[in-house]
Amino acid sequence: MLTRRRLVWVAIIVVTAGLLAFGAVRDTGPLTQQDRIDTITKRIACPTCDGESIYVSRASASQSIRAEVARQVGDGVRTDDEVVAYIADRFGGEVLLLPRATGVDALIWVLPVVLTVVLVVALWLAFRRWRLASATTTPVQVASPSQRRRSLAIGVVLTVVVGVAGGALVARQAGQRLPLETFTGGIEDSTASILAQARLAGPSDVKTAIDLYSRVLETDPDNVEALTYRAWLVMLSARQFDEALRAQAFASTVTALGRAIQIDPEYPDAMCFLGIVVYRDGGDAASAKEFVDRCIERDPPVQVRGLIDALATELDAELKP
Amino acid sequence: MLIASATAHLGRAILLAGFLAAFFGAFAAAIGARRNDPRTLRLVPRFVALASFMALAAFAVMEWAMITRDFSLLYVQKVGSSATPALYNFAAVWSALEGSILMWVLVLAGYVAAAMWWMRKRLNEPLVGWAMAVLLVVLAYFFLLSYGPANPFVIGPPGVTDGPGPNPLLQNHLLVMFHPPILYLGYVGMTVPFAFAIAALIAGKVEDGWLHLTRRWTVTAWGFLTFGIALGGWWSYEVLGWSGVWAWDPVENASLLPWITGTAYIHSVMVQERRGLLRVWNVSLLIATFSLTILGTFLTRSGVLNSVHAFSESDIGPWLLAMFVIIVAVSLVLVYLRGDQLRASGAIDNVFSREGAFLVNNVLFAVFAFVVLLGTVFPLVIEALQQRQIVVGEPFFDRLTIPIGLTMLFIMAVAPVLPWRQDGREVMSQRLLVPALVGLAALVLSLVVGASGVAPLLAFALGGFAAGSALRHLVRAVRVQRLRGFVGRANGGMIVHLGVILICVALAASNSFTRSQEIDLVTGQVATFAGHTFELIDVVEVRDARSTTVKALVKVDGDKAYSPSITKYTRIGMNVGTPSVRTSFTRDVYLTLEPPVRQDSGQARIKVFVKPLILWLWVGTFVMAFGTLLAVLPTRRRSIHEIRDEVSGR
Amino acid sequence: MKSAKIGTLSVAVVVAAFIAVLLVSDGETGVAVRSPLLGQPAPAIQTTTIDDAPFDLTRRKGSWVVFNFFNSTCVPCIAEHPSLMRFVENEAGQPDSVELYTVINDDADDAVRNFFATNDGDWPKLRDNDGAIAVAFGVAKVPETWIIDPNGFVRLRILGAVADGVLEEQMAKLRATEGS
């Protein structure tokens with residue numbers, strides 16, 4: 001019956017719903033970088049605390065991770081999920097503050113929903129029982145024990161199913177879902193992994209290594225490690241061939257190594273290999289000595305050092321008289 | 001050396017005496033209650049007095065040792081220091097495990113003594129006798145804990161002349177003097193209603209006055225617990241420097257869980273008072289509340305989980321777990337066997353009645369408690385079952401408790417206008433009209449000031465709705481009874497509700513609309529953010545015996561200077577940041593100093609948080625405390641008209 | 001009535017299960033040496049030493065590299081220092097000797113300089129501004145020691161202080177599996 005009061009109530013409810021809808025989709029202005037950083041840091045746990053997010057914790061580990069998040073947000077390359085995945089890839093899954101949406105962890109979402117459903121159903125049943133008990137008009141037909149047990153079993157199963165389904169929905173909506181791949185990301189990461197593969201292949205499978213280094217150079221022509229080691233491996237493999245090929249290889253190797261040195265004058269490996277190649281394949285002891293000296297100045301890594309030391313003594317002997 | 005070790009021996013002797021007094025007192029009370037023997041029962045007050053005196057003496061001896069910097073004791077070596085100022089040194093006693101257990105003994109003994117005094121003329125009643133027995137058993141157990149695994153009077157290695165002092169976080173704000181003791185007054189206070197619940201089960205009845213008694217005790221303890229939890233939030237805000245008040249830390253959750261079940265009890269017991277129903281449920285709530293205090297203490301002290309408060313892993317874990325298991329086992333057996341005897345006839349017939357609303361309320365609180373408990377222990381369970389570590393933190397709790405909180409606001413609005421025993425739908429639509437308009441007005445106001453997002457807007461609207469309903473009740477009460485309309489359970493309760501609404505609204509606003517930014521300031525230049533200006537005046541360094549502090553003096557909006565700082569505690573090597581806050585009615589401007597800090601460079605990096613409505617959190621807390629006080633004040637006998645009004649929920 | 005008994009029994013079951021889980025669980029499982037980085041190429045690290053010389057981890061390929069995350073006030077770091085000194089001495093005799101680097105974790109240059117002046121140790125100390133290196137390796141607490149092979153792959157992670165001889169033993173194992 002449409003009394004005036006009911007109309008007022010309908011009006012109130014409609015207006016409230018409308019205002020809520022308006023407020024829900026309202027544009028609050030652009031999301032600043034700090035807002036984004038805060039959102040992300042609230043999802044990551046501090047590794048040395050218990051349960052605190054890195055947004056909350058003042059520990060030094062938290063500050064470092066916050067700084068990294070700030071850096072990545074500043075770069076603007078990764079999405080929120082990817083930044084969280086980046087941190088989780090290094091610190092392990094235990095820094096994810098929001099339990100996952102799948103697997104055993106999802107139980108934490110499912111159980112409260114199941115409990116709520118169970119309690120609501122129990123409450124409903126209790127009210128029904130009380131209402132029936134107080135009804136004095138028609139005597140209620142009492143069900144047989146087996147019928148009651150069956151309806152009880154069906155009720156329990158239904159309740160649990162509804163609860164679990166509801167819980168799964170909540171988990172899917174609220175739980176953490178991250179991109180599956182580890183080490184997702186830009187050019188720099190895939191370059192690093194190709195270089196790593198090339199390095200592994202290096203001593204035994206020279207051809208593969210050269211191919212891999214070439215691939216790196218396609219996307220990053222100024223990569224000194226690829227330039228240097230490709231040139232070096234080319235020279236090494238050319239030594240078993242004839243004069244003409246060797247000379248060609250020598251020329252390209254020297255050019256490539258020279259370019260690497262130009263790009264990064266402090267890179268020891270390029271300098272060292274240049275010294276070796278110039279002497280062993282070019283026969284120029286004096287230039288070689290110069291390169292070798294400069295190479296040693298730059299503190300080459302041990303494997304390269306091993307090659308250089310032998311050469312250095314040889315050169316000294318050669319240049320003495 | 002002889003004198004020094006005398007303190008340790010004295011302390012231990014006192015603890016042993018206290019344990020024996022409580023132990024024999026418990027025996028006397030139990031035997032006296034069982035056999036209905038007044039002579040045996042007359043011994044009980046004497047044992048209580050002795051045990052309480054011993055608790056006070058033990059605490060006094062510990063404080064004496066701390067004040068005189070008696071480094072022969074291991075505990076003083078751990079948390080005492082010649083450089084700690086007097087007040088913080090006094091509070092240092094409860095800054096670590098052994099001292100906190102000692103304080104627990106003290107507070108519990110105080111409560112036992114108070115209960116004994118209150119019931120001194122009724123000791124011959126079986127309910128009272130059994131309750132005293134339970135209280136003394138618990139007290140004896142805590143004395144045992146303090147004498148055994150958590151002994152503060154252990155003699156430390158000789159030759160130590162100074163100590164590091166308490167954790168720096170516990171030395172830089174006076175709140176450390178208040179927060180733990182008040183929290184304990186709440187926490188430990190729940191032991192008394194628990195004792196009466198167990199007594200009711202053992203005696204098989206709830207007589208006249210049991211309800212009245214337990215309700216008053218519970219509300220008082222609950223009041224302290226509420227205030228203590230709020231002080232913890234204030235401490236987090238003022239000291240920890242992340243600008244928040246609640247982090248769903250396991251220790252915070254441990255104090256919240258008994259609060260949730262305690263609140264459920266306070267509401268549910270009204271159904272018992274009016275209709276005699278839900279007795280078993282209410283007794284279970286009291287038992288749950290106390291059990292949760294023990295469980296919470298176990299979780300945070302045993303090192304099973306780690307946090308800012310959990311001081312150390314110690315041998316006390318198994319003892320606390322054993323206590324929890326014993327309490328739960330005994331209680332469950334008692335409820336199973338004796339629950340039926342408590343049951344009264346009658347039923348709750350209508351979901352739209354006041355009783356129905358309280359039942360729904362119970363469900364809501366049960367789910368709330370379950371969510372908090374599950375989130376706190378879930379990492380433990382996963383670690384035990386799958387040997388991997390996960391963390392459950394704020395995002396989880398927020399997502400589940402926000403809907404629960406919103407539903408609670410709704411019920412807070414609707415329940416007070418519902419009548420007892422009748423279907424209240426018609427009445428509801430009439431009485432809630434004005435409150436609904438208040439809610440709508442609140443929604444409009446919040447939209448006008450720029451709020452957005454479904455959850456905070458709903459919180460504001462429902463908050464207005466609930467406030468309207470509470471105010472409606474108060475206005476009618478004052479109209480009839482004038483000033484006395486503020487006093488008494490129902491009216492005080494409405495004021496408490498108003499406090500809760502203030503807190504909910506403030507939380508919604510500050511959680512949803514905080515803005516922050518890191519700003520690099522240079523002296524002389526003015527930076528702006530969120531409508532405020534910030535100017536760095538100077539960066540100064542202050543040294544004292546225990547620390548070096550670097551402060552940045554920042555003028556906010558051209559007004560006075562605020563000084564966020566970083567303090568390095570030289571002995572411990574720990575850096576603690578201290579925020580500086582400018583409070584106003586609409587928002588707080590919260591400043592922290594970010595490392596690294598270069599004092600002579602004329603530069604400082606600060607982080608600015610602009611947090612709306614924070615002040616109202618503390619206002620709401622005081623309103624709740626005030627309302628609680630009003631609720632426990634006695635009312636005069638009401639006239640038949642007033643009683644009829646109340647029954648029909650008018 | 002029945003509901004009270006059902007309620008009591010369900011609570012009893014849940015609490016019993018919880019206690020059982022607690023008794024099985026031993027709380028903190030202690031140091032975990034797992035890391036998602038093991039067997040992966042080491043993160044690219046570019047920084048400066050405490051003497052302002054540049055450092056680039058990718059440039060050290062060809063040597064075994066050991067990173068020791070360190071803080072001058074951390075007690076286990078100070079305790080393990082002699083073991084590190086002995087390790088360096090032992091390594092000096094090896095043909096493919098290890099390059100040891102200290103990564104400074106949340107500490108001032110001067111404090112580190114003072115420490116090494118008093119306690120010796122003349123290997124390079126690397127600055128870690130903003131903790132970027134610590135984050136790249138997932139290091140939250142010091143001390144931690146990481147071993148990276150000459151091909152740039154992360155091979156070992158040790159949490160906490162290294163006891164005497166542990167590094168020598170681990171290096172021997174790694175060299176053996178390194179093959180040719």
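**A against B**

I started with the chain A–chain B interface in this predicted model. I counted 56 residues of chain B in contact with 46 residues of chain A, taking contact as C-beta atoms within 7 Å.

Next I asked which elements of chain B supply two or more residues to the side touching chain A. I got a run of helices, H13 (354-386), H14 (394-414), H15 (425-431), H16 (433-448) and H17 (454-481), plus strand S1 (515-522), in chain B. H13(B) gives the largest share of that side, 11 residues.

I then sorted the chain B side by residue class. It came out as 36 nonpolar, 15 polar and five charged residues.

**Domains of chain A**

I looked up the domain assignment for chain A and found domain 1 (32-97), domain 2 (99-133 + 155-181) and domain 3 (187-319). How far apart are the centres of domain 1 and domain 3 of chain A? Over C-alpha atoms, I read 41 Å.

**Domains of chain B**

Chain B is assigned domain 1 (411-513 + 615-647) and domain 2 (517-612). Their centres, again over C-alpha atoms, lie 40 Å apart.

I wanted to know how many residues each domain of chain B puts into their contact. Domain 1 of chain B puts in four residues and domain 2 of chain B five. On the domain 1 side, helix H18 (residues 489-513) of chain B brings the largest share, three residues. I classed that side too, and noted three nonpolar, one polar and no charged residues on domain 1 of chain B where it touches domain 2.

Methods
Residues numbered from 1 in each chain as written. Chains lettered and ligands numbered in written order. Predicted model: local features only at pLDDT ≥ 70, side-chain atom pairs only at ≥ 80, totals over all residues. Contact = placed C-beta atoms within 7 Å. Helix = DSSP H or I, 4+ residues; strand = E, 2+ residues; numbered from the N terminus. Nonpolar A, V, L, I, M, F, W, Y, C, P; charged D, E, K, R; others polar. Domains from an automatic or database assignment.
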